[in-house]
Amino acid sequence: MTAPLVIFDLDGTLIDTAPDLVASLNHTIAAADLEPVTYADLTHLVGQGARVMIRRAFELREQPLSDEAAEPLLQRFLAHYKAEMPGASRPYPGLIEAMERLEEAGMRLAVCTNKLEELAIPLIGKLGLSDRFVTVTGGDTFPVRKPDAGHLLGTIEKAGARPEATVMIGDSINDILAARNAGIPSIAVTFGYSDVPVEDLQPDHVMTHFSELTGELVRRLLSRETQAPALTVPA
Ligand SMILES: O=C(O)COP(=O)(O)O
Ligand SMILES: [Mg+2]
């Protein structure tokens, strides 16, 4: 039997990257004389990677952005973000202990993020987390990205795991929809960058702190089909 796999989203789930995303985005859009964005704005901008984040910032400020103008702005963002990395970004409280618990329970861990690989992989490395994950896939690893099921299924395949034995943990609609599209259980964290209450996304479980993440919880979510008959009311 293959070991269960727990897949984590990155921004807003594993790592609190918001201050650095806001700083690099504001550095980027300042070149086009756009007003800086705030943390509250970020919840509407983040989720589909840097290119989309820049485009959404222009939409927020009701400014046009041509494809030709977007490319140098993306390069400006990447250069700034890479130069500062890891900046103020830190793992969320309790993450390391939670990962250790899952490893001790015989589970394997992976990352599935819409962040570009060239940002995600070094960031995880600089925070000393690389050895924890069997694979890290980014928004540009496959032809599709979250919420497309292909991103999660591709991550599962790279990890040598099976969809039936995988749980997804994330902070946004992209993560919960990707899990639903791939037919795997999802855990939504409340401490990330969702622009709606995560309960509204109807994940299989809601988590307010990593202290709640145990092997027992993962196993319970994986066996939900077998649990379902026990919940039916006898005639
Ligand atoms: O950087 C983004 O826009 C999204 O990244 P995430 O998928 O790790 O949340
Ligand atoms: Mg996220």
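1. Asn-114 meets ligand 1 through its backbone: an N or O atom there lies 2.8 Å from an oxygen atom of the ligand. This is a polar contact, meaning a pair of N or O atoms within 3.5 Å; within protein, one must be able to donate a hydrogen and the other to accept it, and residues adjacent in sequence count only if both atoms are side-chain atoms. Asp-9 makes its contact by side chain, with an N or O atom 2.8 Å from a ligand oxygen. For the side chain of Asp-11, the distance to an oxygen of ligand 1 is 2.6 Å. On its own, ligand 1 has 280 Å² of accessible area, and the protein covers 96% of that. Accessible areas come from the Shrake-Rupley method with a 1.4 Å probe; for residues, only the protein chains shown count as cover.

2. A word on the basis. This is a predicted model, where local features need pLDDT of at least 70 and side-chain atom pairs count only at pLDDT 80 or more, while totals for chains, interfaces and linings use all residues. Residues are numbered from 1 along each chain as its sequence is written, chains are lettered from A and ligands numbered from 1 in the order in which they are written, and side-chain values use heavy atoms, leaving out hydrogens and water.

3. Which residues are around ligand 1? They are Asp-9, Leu-10, Asp-11, Val-46, Gly-47, Gln-48, Gly-49, Thr-113, Asn-114, Lys-115 and Lys-146. Each has a heavy atom within 4 Å of the ligand.

4. On a 1 Å grid over the protein atoms alone, a cavity is a set of points where a 1.4 Å probe fits but cannot get out; a pocket is an open set with protein on both sides within 12 Å along at least five of seven lines; lining residues have an atom within 4 Å of a point. Points are joined across faces, edges and corners, and a volume is the space filled by probe spheres set on them. The count is two cavities of 30 Å³ or more.

5. The largest cavity has a volume of about 210 Å³. Its lining has 21 residues, and Asp-11, Val-46, Gly-47, Gln-48 and Gly-49 lie nearest its centre. All five are also among the residues around ligand 1. By class, the lining has eight nonpolar, seven polar and six charged residues. Here Ala, Val, Leu, Ile, Met, Phe, Trp, Tyr, Cys and Pro count as nonpolar, Asp, Glu, Lys and Arg as charged, and the others, Gly among them, as polar. Helix α3 gives the largest share, three residues. Helices (H or I, at least four residues) and strands (E, at least two) are DSSP runs, numbered from the N terminus.

6. The largest pocket has a volume of about 160 Å³. Its lining includes Gln-48, Gly-49, Asn-114 and Arg-145. Helix α3 (residues 49-60) supplies the largest share, four residues. Domain 1 (5-16 + 89-226) and domain 2 (18-84) each give at least three lining residues. These bounds come from an automatic or database domain assignment.

7. The second largest cavity holds about 30 Å³ of space. Met-85 and Pro-86 are among its lining residues. The peptide bond from Met-85 to Pro-86 is cis, with omega near 5°. Pro-86 sits in the loop between α4 (67-84) and β3 (90-91).

8. Lys-146 and Pro-147 are joined by a cis peptide bond, with omega about 15°. Pro-147 is in the loop between β5 (133-137) and α7 (149-158). Asp-33 is not a glycine, yet its phi is positive, near 60°. Its place is the loop between α1 (18-30) and α2 (39-45).
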